[in-house]
Amino acid sequence: MPGYRPEPDRDSRAWWERVARREFAVQECDACGTLRFPPRAFCAACRTEGWRWREVAPEGEVESWIVSRQPFVPGLRDPYLVVMVRLKAVPGGLVYGNWRAERPPEAGERVRGVFTQVDEELIVLDWMPESCIAIRSGENSPAD
């Protein structure tokens, strides 16, 4: 199949397995409780190896973005926006994903992660403005 597909390594394989189940989790250090993302073998705060997964809300703020003119993921139109999101639950944690809105993102804009089924085998985490999710879920609907 043409196009780039994520290639999980030793540290990210379990995270991608969770994404495939539409779960968003980060690592939590067993010794000091520091949350971290992306997954890695050692805690940057206390240098220990023990950790566990902790589910957190896929929420954050737009840190930056680019317009990709290279279709790395099969099925995506060219060009498309890729955002870098600073995670709310993990100070210093950055995650990338496709932008899911009709307009460009704004720096510091609050976003939520949404899972996108790319094909039969691949699910990725994309990002959508919180304002769009609130409108879609009816939270901003006028009271009856």
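This note goes through the sheets, the aromatic groups, the arginines and the cysteines of a predicted model.

1. Basis. The model is predicted, and local features need pLDDT of at least 70, side-chain atom pairs count only at pLDDT 80 or more, and totals for chains, interfaces and linings use all residues. Residues are numbered from 1 along each chain as its sequence is written, while side-chain values use heavy atoms, with hydrogens and water left out.

2. The three-stranded sheet. Helices (H or I, at least four residues) and strands (E, at least two) are taken as DSSP runs, numbered from the N terminus, and two strands pair if DSSP finds at least two bridges between them. On that basis there is an open sheet of three strands, with antiparallel pairing and the order β2-β1-β3. Because β2 (35-36) and β3 (51-55) each have a single partner strand, they stand at the edges, and one side of each is left without a neighbour in the sheet. Between strand β1 (residues 25-29) and β3 the antiparallel pairing extends over five bridges, and Ala25 stands opposite Glu55 in β3.

3. The helix on the sheet. Helix α1 (residues 13-20) packs on this sheet and touches β1 and β3, its direction making about 25° with that of β3. Contact here means heavy atoms within 4.5 Å, and axes are lines fitted to C-alpha atoms, for helices over the stretch in contact, with angles running from 0 to 180 degrees between N-to-C directions.

4. Arg18 is found in helix α1 and, at 18% relative accessibility, counts as buried, where buried means under 20% relative accessible area, exposed over 50% and partly exposed in between (1.4 Å probe, protein chains only). Not counting residues up to four places away in sequence, Arg18 touches Glu23, Ala25, Trp53 and Glu55. Arg21, by contrast, has its place in the loop between α1 and β1 and counts as partly exposed at 48%. The side chain of Arg21 makes a polar contact with that of Glu23 (3.4 Å); such a contact is a pair of N or O atoms within 3.5 Å, of which, within protein, one must be able to donate a hydrogen and the other to accept it, and residues adjacent in sequence count only if both atoms are side-chain atoms. The C-alpha atoms of Arg21 and Ile123 are separated by 8.4 Å, although the two residues are 102 residues apart along the chain.

5. Aromatic groups. Across the whole structure there are five aromatic pairs, a pair being rings of Phe, Tyr and Trp (its six-membered ring) with centres within 6.5 Å, where planes under 30 degrees apart count as stacked, over 60 as edge-to-face and the rest as tilted. Trp15 and Phe24 are edge-to-face, because their ring planes are at 85°, with the centres 6.3 Å apart. Trp15 is buried at 7%, as is Phe24 at 3%, and Trp15, Trp16, Phe24 and Phe37 form one aromatic cluster.

6. The hairpin. Strand β5 (residues 80-87) and strand β6 (residues 94-98) run antiparallel and are joined by five bridges, with Met84 opposite Tyr96 in β6. The two strands form a hairpin with six residues between them, and Gly92 in the turn has a positive phi of about 85°.

7. Cysteines. The search of the whole structure finds zero disulfides. Cys32 is partly exposed at 39%, whereas Cys43 is buried at 1%.

Notes:
A disulfide is a pair of cysteine sulfur atoms within 2.5 Å.
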